[in-house]
Amino acid sequence: MGLLNFLKKIEPDKKKSPFLHTAYDAFFTFAYAPNTTTAPRGVQIRDGMDLKRLMVFVVLALQLCYVFGTYNIGHQHFVAAGQYMGFFDGFHLKLAHGIIKMLPIYVVALGVGLGIEFYFAYKKGHAVEEGFLVSGALIPLIMPPDIPMWILALSVAFAVILGKEVFGGTGMNVWNVALLSRVFIFFAYPTTISGDYVWVSGFDGLAPGALADYGFWHTSFFNPIFSSFGWDTFNSAISVTDGFTGATPLSLAAHGGWDNVLSVYNENQMLWGMIPGSIGETSKPLIILGALFLVMTRVASWKIMVSMIFGAIFMTYIFNFWGASDFMQVTWQQHFLMGSFFFAMAFMATDPVTAASTDTGKYIYGFMIGVIGIVIRVINPAYPEGWMLAILLLNTFAPLIDYYVLDSNMKKRLKRA
Amino acid sequence: MENYKHLQRYAIAFLMLFTFNLSHAESTMFSGENFFTYSLIALAAVLIFSAIITVSNTFLNVEAKRAGVDASSASLGISGGSSAATSGSQTSSRHIKLKKGHNINITGKAELKSEKADVQRYSIMPEEFIGMSPIPKVTVEVGDDVKAGDVLFYDKKRPEVKYVSPVSGEVVEVRRGEKRSITKIVILGDKEMKYKKLDAIDIDKASRETIINYLLENGGWPLIIQRPFDVVPDESHIPANIFISTFSTKPNGADLSYAIKDREDDFQAGINLLSKMTDGKVYLGLDGNKGKSVASVYSNAKNAEKVFFSGPHPAGNVGVQIHHIAPIKSNDVVWTLGVQEVATLGAMVSRGIYDAQRTVAITGGEVKSPNYVHTYQGASVNELLNNRVKGTDIRKICGDVLSGHECGDDDFMSFHADQISVIAEGDHYELFGWLFPIKPRPSISGTFPNFLFKNYNFNVDTNTHGEKRAFVVTGEYEKVMPMNIYVQHLMKAILTNNFEKMEGLGIYELTEEDVALCEFVCTSKMPLQKILREGLETMREQQ
């Protein structure tokens with residue numbers, strides 16, 4: 001109770017400092033579930049579920065991806081240099097490097113996004129809505145580890161302002177906010193988010209012989225700590241080994257099919273995600289665990305996930321049958337091992353605001369994402385991964401799908417007469 | 001059920017196909033790898049497999065739901081283990097099984113014991129009737145003595161519909177509200193009821209018109225509810241069908257088999273009367289849930305078609321039953337009645353008196369020894385609850401906790417109400433209450449471990465457990481709505497005043513109590529009942 005009294009005492013005046021009050025309210029309702037009671041008319045009791053809880057469960061489902069993704073940044077860095085090739089070798093170095101790369105991305109994404117949310121909430125005079133909790137947690141996971149901070153900040157601002165706030169805020173947006181920020185970078189600064197040279201961090205360019213690019217945190221913060229324990233320290237003399245390409249399995253597959261992929265990575269690495277890629281999307285089992293968590297708590301729609309799997313399998317079979325290129329002959333099991341299919345399925349396609357909102361619509365929506373994602377992946381020469389574009393495309397068409405589902409419901413009802 | 005078996009076979013075949021594919025994939029993809037790899041693959045296979053099983057299981061359930069809803073063949077009967085007294089007539093009734101919905105178990109269920117309530121003040125409230133003009137013509141004055149069945153007031157727009165006193169006694173107050181509108185007419189009831197003697201009527205011989213005039217004149221008409229809109233019926237419009245739900249699935253809802261005890265003859269007389277009023281049928285919705293007993297007055301009722309319903313709340317709501325028996329067509333109206341109103345109608349024609357006695361369930365976690373009381377229509381809530389309330393920071397609710405409304409200190413039972421709920425007010429803060437709830441609370445969300453405690457009775461309060469937000473989650477309302485209605489889209493159509501869509505998406509099939517459960521589960525804390533009523537009012541004004 002002491003804390004409650006303290007918080008009540010420092011509450012800023014709503015009239016005198018509205019912005020402070022908006023910010024205060026956001027944090028206060030985070031700490032304390034409000035004391036509002038139900039209206040005299042309407043339901044007298046309410047379900048324990050609210051939007052904060054919903055959003056936080058998605059964030060919880062992402063935690064394994066966060067842990068693995070952070071570590072994998074470090075792992076890929078040292079693999080490129082030919083050091084600590086075993087996954088758990090040089091554990092502390094890999095973790096430290098991952099954190100050094102990950103934290104700024106997280107802080108910038110959340111800071112910029114929440115700052116804009118707070119500002120709009122204050123301008124509109126309503127409470128801060130929780131939508132950005134999830135978007136802000138997703139954005140770092142779909143970025144390459146070396147993304148420049150100013151580009152990240154720009155993309156988040158673009159996504160939140162033009163993707164969400166202009167439509168009216170949380171619940172009103174047409175496109176997935178996290179994917180919008182990524183697609184912004186993809187079209188505005190393509191060299192920072194596509195190609196073979198962006199997925200491994202911490203080097204001065206990714207050409208063979210490029211030296212490691214360590215900063216203050218590496219050399220002046222972590223190195224003294226590690227050396228005081230007598231552990232290995234960051235060594236600025238390491239460089240990218242000859243023959244290292246940095247290519248992702250997908251870009252390998254695009255130029256020579258599955259055999260070309262196997263010449264660099266084995267299935268074990270691809271399954272567990274010890275490969276270069278966007279930060280959070282590489283480890284399939286951990287993503288599936290998160291997806292199962294979402295399905296079991298009924299936070300995300302299993303209908304979209306399942307139909308998306310079927311859509312992807314369906315389209316892969318068609319391409320297998322066609323078989324015009326090496327990439328077309330890749331089976332669906334192999335497709336699932338590469339790229340970010342599961343991450344897109346579990347966390348991107350299932351966003352309830354931008355997905356189709358009717359049950360039948362969800363099946364169609366998920367299936368079409370699966371189909372179009374594989375089409376873009378296999379046929380588009382410029383960009384080997386298809387889920388971002390497929391989901392944004394279907395976000396656009398989700399209202400149309402719903403329109404036809406509702407229309408058939410309405411027709412059925414009018415036919416009774 | 002044939003449908004369901006077919007699906008099961010299909011699912012098994014599909015699963016086998018999938019496992020085959022998986023093992024095929026393993027053998028070609030991973031030749032000559034070490035033991036570690038194999039164990040990882042096995043783990044992944046188990047993960048994917050369990051995902052598929054979970055998913056297909058849910059899928060099967062969903063399909064079973066659909067199949068179940070449609071399966072209404074006579075052969076199903078009530079063979080599902082219903083303990084309803086089986087007489088010959090029942091086995092041939094339809095049994096509609098609903099899967100969607102949710103029972104909210106809360107503390108304070110009324111025991112099947114009853115006593116006579118000690119109530120002195122009663123009131124009929126003109127403001128309750130939808131469409132009534134704000135200042136109706138009151139035909140009594142303060143100080144007048146009235147008998148049960150004497151006219152109290154009528155609407156100047158529809159002077160033929162008379163509203164009568166439920167009890168005999170002295171008119172003590174004509175209460176006015178905003179702009180001199182008349183809100184309540186309060187009567188100090190006698191200890192011994194005196195009834196106005198009504199003219200005798202032989203419903204077997206009387207024409208429909210005669211019966212209508214009889215009911216209009218003697219106060220029976222407002223007991224009937226006309227859908228759409230939940231209004232007092234229009235006498236020029238013959239109802240397509242008449243629906244009566246004989247059980248309540250609401251939280252702590254009154255046991256209507258118990259509430260009708262000793263008024264069986266009145267009830268049957270009421271049914272006989274109603275069967276004359278429609279060219280369609282009088283449908284009784286009966287409780288087909290396991291372990292529920294159905295009073296023989298319902299299961300043996302004559303002149304009525306009986307349909308069993310089983311499933312969680314809102315299976316007992318008459319709106320859901322209409323949807324599955326004979327949905328409202330456009331331009332049609334149907335009537336609905338509560339069982340006690342039917343008995344009052346029956347008493348009018350069989351005994352010649354307006355007998356408005358009501359058995360009311362006093363329920364809720366803040367009530368000492370919840371049970372049933374015998375009283376009359378419009379009894380004072382405070383007097384009904386005299387010395388029965390435990391705490392001080394409480395909310396008195398006329399009706400159930402989903403579709404009822406808050407009562408002040410000087411409020412009276414609603415015209416159609418058969419339940420009072422008293423629960424704690426929830427005006428307290430809760431540290432991280434949204435993340436780590438300390439007190440268990442009812443929820444349909446899988447983020448609470450509630451599914452482990454199926455029969456736990458929650459001690460609820462009125463806290464909203466969160467703030468109002470825009471619509472975010474989809475499919476949530478439809479999960480608890482056993483009707484083919486897209487509630488969320490309907491609400492959006494109402495909010496955007498899209499008439500065509502409102503009608504097309506089924507606004508005429510709904511009243512507030514039908515969306516109450518959807519409002520309860522809403523993550524965004526939307527006031528659905530209020531929105532729906534606004535939509536219904538807009539549509540009613542259009543007509």
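Val138(B) sits across from Phe153(B), a residue of β6(B). Strands here, like helices, are DSSP runs numbered from the N terminus (a strand is E with at least two residues, a helix is H or I with at least four). The model is a predicted one, so local features need pLDDT of at least 70 and side-chain atom pairs count only at pLDDT 80 or more, while totals for chains, interfaces and linings use all residues. Residues are numbered from 1 along each chain as its sequence is written, and chains are lettered from A and ligands numbered from 1 in the order in which they are written.

Back to those strands. Strand β4 (residues 137-138) of chain B pairs with β6(B) in the antiparallel sense, over two bridges; to count as a pair, two strands need at least two bridges found between them by DSSP. β6(B) also pairs with strand β7 (residues 158-164) of chain B, again in the antiparallel sense, this time over four bridges. One of the links is between Asp155(B) and its bridge partner in β7(B), Arg158(B). Getting from β6(B) to β7(B) takes a hairpin of two residues. Strand β6 (residues 151-155) of chain B is largely enclosed by the rest of the structure, because four of its five residues are buried. Buried means that 20 or more other C-beta atoms lie within 10 Å of a residue's own, with C-beta atoms placed from the backbone; exposed means 12 or fewer, and partly exposed is in between.

Next comes an open sheet of four strands in chain B, running in the order β3-β9-β8-β5 with antiparallel pairing. The edges belong to β3 (121-124) and β5 (145-146) of chain B, which have a single partner strand each, so one side of each is left without a neighbour in the sheet. Strands β8 (residues 169-176) and β9 (residues 182-189) of chain B pair over seven bridges, and Val174(B) stands opposite Ile185(B) in β9(B).

Phe247(B) is found in a loop of chain B, between β11 (242-245) and α4 (256-259). Phe247(B) counts as buried because it has 25 C-beta neighbours inside 10 Å. Beyond its neighbours within four places in sequence, Phe247(B) is in contact (C-beta atoms, placed from the backbone, within 7 Å) with Leu256(B), Leu286(B), Asp287(B) and Gly316(B). Gly288(B) is 41 residues away from Phe247(B) along the chain, with 9.7 Å between their C-alpha atoms.

As for the whole chain, chain B has 14 helices and 20 strands. Of its 543 residues, 48% count as buried.

Note on methods:
Two residues are in contact if their C-beta atoms, placed from the backbone, lie within 7 Å.
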